[in-house]
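Here is a short note for a colleague who is new to this structure. Please read the points in order, with the model open alongside.

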Amino acid sequence: TVRLDLSEKDGMLREMVMLDALGDPVLTQRFTGLEVGVTLKDDQFQFTAPEGVSVTQLPGTQPQDKGEN
C-alpha cells in the first residue's frame, strides 16, 4: 500500500509512504522545494529506456533521434 499526502494549500504531493502488509511504514519519501513550470534545457535531463522496453510516442510530442528515448 502507498499513502500519498497532498498539501491542503496547493494540492502538491508532499510525502509518499510505502506500507507493509501490516500497515507499518517501510519507506517514507518527502518532497520539498518543488517548483512548477520550470523549463529544463535538453542537456539537463536525459533518459535512455532499458533494452527490451517498448517506448510509445505521446500525441503532440516530438520523437527523439533513433537510439535515444
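1. From the N terminus on, the chain runs β-β-β. It holds three strands and zero helices. Both kinds of element are DSSP runs numbered from the N terminus: helices are H or I with at least four residues, strands are E with at least two.

2. A word on the source. This is a predicted model, where local features need pLDDT of at least 70 and side-chain atom pairs count only at pLDDT 80 or more, while totals for chains, interfaces and linings use all residues. Residues are numbered from 1 along each chain as its sequence is written, and side-chain values use heavy atoms, with hydrogens and water left out.

3. The three strands make an open sheet in the order β1-β2-β3, with antiparallel pairing. β1 and β3 (25-30) are the edge strands, and each pairs on one side only. Neighbouring strands in this sheet are turned by 15° against each other on average, direction ignored. The axes behind that angle are lines fitted to C-alpha atoms, for helices over the stretch in contact, and angles run from 0 to 180 degrees between N-to-C directions. Two strands count as paired if DSSP finds at least two bridges between them.

4. Take β1 and β2. Five bridges join these antiparallel strands. R3 stands opposite V17 in β2. L4 has M16 as its bridge partner in β2, and L6 has L13.

5. Now β2 and β3. Five bridges join this antiparallel pair too. M18 stands opposite L27 in β3. Five residues lie between the two strands of this hairpin. G23, in the turn, has a positive phi of about 90°.

6. Look next at S7. This residue is in the loop between β1 (2-6) and β2 (13-19). Is S7 buried or exposed? S7 is buried, because its relative accessible area is 17% and buried means under 20% (exposed is over 50%, partly exposed in between; 1.4 Å probe, protein chains only). The side chain of S7 reaches the backbone nitrogen of K9 at 3.1 Å. A polar contact of 3.2 Å also joins the side chains of S7 and D10. Polar contacts are pairs of N or O atoms within 3.5 Å; within protein, one must be able to donate a hydrogen and the other to accept it, and residues adjacent in sequence count only if both atoms are side-chain atoms. Not counting residues up to four places away in sequence, S7 touches M12 and R14. Contact here means heavy atoms within 4.5 Å.

7. E15 counts as buried because its relative accessibility is 15%. Which side chain does the side chain of E15 meet in a polar contact? That of R30, at 2.9 Å. Leaving aside neighbours within four places in sequence, E15 is in contact with R3, L4, D5, T28, Q29, R30 and F31.

8. Last, the chain as a whole. Buried residues make up 7% of its 69 residues. The chain exposes about 6,600 Å², and carbon and sulfur atoms supply 52% of that area. Accessible areas come from the Shrake-Rupley method with a 1.4 Å probe; for residues, only the protein chains shown count as cover. Among contacts with a separation of 6 or more, residues 24 or more positions apart account for 2%.
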